[in-house]
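Colleague: Could you walk me through this model before I set anything up?
Modeller: Gladly, here it is.

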Amino acid sequence: MTLGTLFWLFLAGFAVWYWWRAKAIKDFVLQAARRYCKSMDVMLLDDAVFLRGLWFKRDDQGRIRVWRRFLFDFTSTGEERYTGRIIMLGQRIQHMELEPHRFS
């Protein structure tokens, strides 16, 4: 094996690992969005969350963690569509919020 072959194998392995990990995090956030919408008496639309921000920030202990912002759509009346947000820092959800919306 040459150094170039090892590099490409490492790169492919890293890409597969990253995809697998990102999918697991997205599934975790989707479950949290479902629970949050249910507790707030609104309906999650499209059964999906979307990654809209990725950065590095420090946690309370000063360690650098991956910061992620996910968005999802919900409705309270069945007619209008609103946006909700979930903020993660590392493996923990830091904040969840819903846009101001009408109550049914």
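Colleague: Leaving aside neighbours within four places in sequence, what is Val 29 in contact with?
Modeller: Val 29 is in contact with Val 49, Phe 70, Ile 86 and Met 88, where contact means heavy atoms within 4.5 Å. This is a predicted model, in which local features need pLDDT of at least 70 and side-chain atom pairs count only at pLDDT 80 or more, while totals for chains, interfaces and linings use all residues. Residues are numbered from 1 along each chain as its sequence is written, and side-chain values use heavy atoms, leaving out hydrogens and water.

Colleague: Which residues touch the most other members of the largest nonpolar core?
Modeller: Among its 16 residues, those are Val 29, Val 49, Phe 70, Phe 72 and Phe 74; a nonpolar core is a set of buried (under 20% relative accessible area, 1.4 Å probe, protein chains only) Ala, Val, Leu, Ile, Met, Phe, Trp, Tyr and Cys residues joined through side-chain atoms within 4.5 Å.

Colleague: And where does the largest share of this core come from?
Modeller: It comes from α1, with six residues.

Colleague: Switching to the backbone, what is the phi of Asp 46?
Modeller: Asp 46 has a positive phi of about 65° although it is not a glycine, and Asp 47 likewise has a positive phi, of about 45°. Most residues other than glycine have a negative phi.

Note on methods. Buried < 20%, exposed > 50% of the residue type's maximum accessible area, 1.4 Å probe, protein only. Helix = DSSP H or I, 4+ residues; strand = E, 2+ residues; numbered from the N terminus.
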